[in-house]
Every structure is written in C-alpha cells, then in structure tokens.
Amino acid sequence: RDIHTSVSAMPLDPPLLNILPPTSPPRARLARLFDEYKLEGRFDADVHYRGLVGSEAPEVEQDTTYDIKARPHRLALVLRDTPIELTDITGALRIRPGRIDLEQLAASHDSGRFEGSGAVGFDTTSDIDLRLSATSDELGPATRAVLPDAVLRTIDGLTLQGGYTIDDAHL
C-alpha cells in the first residue's frame, strides 16, 4: 500500500506507534522513549507510508518505509524527574526510518527559547548531528535538566547566576 495523508491536532501518545510494524526496531526504541520521557502533546503532520496495512499477509517480503513531517503545537516531557513544557513551537520534525531530522525547530521553555536543526539516529545507531542555539533570562529547571552533570557541577561550584546564551553549539 502507498498512503499519503495529513492529520491535524494529533495526540502524541503511545498508540501513535501503531502505524509502525510490530517487529520494527524503531517502534520498540520509540516505545521506550515514550515510557522513559513520558512524552505528550499535539501536532499536525503530513504522512507518507509505503508497506503492509493491518492484517495483510505478505505474499512476498515487502519493505516498509515512511516519511512523517510533524509540526508540533505543544510538547511536554519529563527529563531527570523535571517536567518540561515546550510552547510557541515553530519548525518541524521529519521522521523517517532510522532518523529524526529537526528542521529549524524552535520552542519556548521556562524563561527561555531554543532553536535546533540537524539529525538524530534511532535505528541501529544513535548518531547525533545537531546545531543548537538557546537563550534564557535564568538557569531554570528545564535547562538544568538538559545539561550534563559535569556542566551543572561547574556552574554550581562557581555559583553562576543569571541568564545565558548559546550560539550555534554542535552536538
């Protein structure tokens, strides 16, 4: 089957993973991400799916492929026991087999805003190639949850206070 569709205000929740085949390695990894980060939100998307649908029995082995361009309205997650809500979201996430591309994705959080572009692999490797920029009036809970422990120890050890700006960081 070759399916093209658009959806509006789709909930971001675990049943969404049912569009992927049950034996798909990305489905299992994405299910763990939903569980670990308690992802929720809503998004619009353009979906292109090519593969088997429902209970169709394959007479010949068929590759499944998909290309989803999601434009989030709202996204919430829990990172290091810290609830983070992203609002005022612009840009898109493009989800394809083995990777997620951030396409000029920007959002507000706490008292700050971030922008990102690049790719994250999620199939057999966890390759990350991201460019990020961020600014905030303070080092709030969302920022503290994202920063590595070593960076937090340095900030806390120096008793740094106030806002921050990160320009074009590469991960």
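Ile 84 and Leu 86 touch the most other members of the largest nonpolar core, which has 30 residues. Such a core is a set of buried Ala, Val, Leu, Ile, Met, Phe, Trp, Tyr and Cys residues joined through side-chain atoms within 4.5 Å. Buried means under 20% relative accessible area, with a 1.4 Å probe and protein chains only. The model is predicted: local features need pLDDT of at least 70, side-chain atom pairs count only at pLDDT 80 or more, and totals for chains, interfaces and linings use all residues. Residues are numbered from 1 along each chain as its sequence is written, and side-chain values use heavy atoms, without hydrogens and water.

- Several elements supply at least two core residues each, among them helix H1 (25–37), strand S4 (82–96) and helix H2 (141–146). Helices (H or I, at least four residues) and strands (E, at least two) are DSSP runs, numbered from the N terminus.
- S3 gives the largest share, six residues.
- Beyond neighbours within four places in sequence, Leu 86 contacts Arg 74, Leu 75, Ala 107, Ser 108, His 109 and Phe 114 (contact: heavy atoms within 4.5 Å).

**Sheet**
- Eight strands form an open antiparallel sheet, ordered S1-S2-S3-S4-S5-S6-S7-S8. Two strands pair if DSSP finds at least two bridges between them.
- S1 (2–11) and S8 (164–170) are the edges; each has a single partner strand, so one side of each lacks a neighbour in the sheet.
- S6 (residues 112–121) and S7 pair over nine bridges. Gly 112 stands opposite Ser 136 in S7.

**Ser 108**
- Ser 108 lies in strand S5 and is buried, at 15% relative accessible area.
- The side chains of Ser 108 and Arg 113 make a polar contact (3.0 Å). A polar contact is a pair of N or O atoms within 3.5 Å; within protein, one must be able to donate a hydrogen and the other to accept it, and residues adjacent in sequence count only if both atoms are side-chain atoms.

Technical notes:
Buried means under 20% relative accessible area, exposed over 50%, partly exposed in between (1.4 Å probe, protein chains only).
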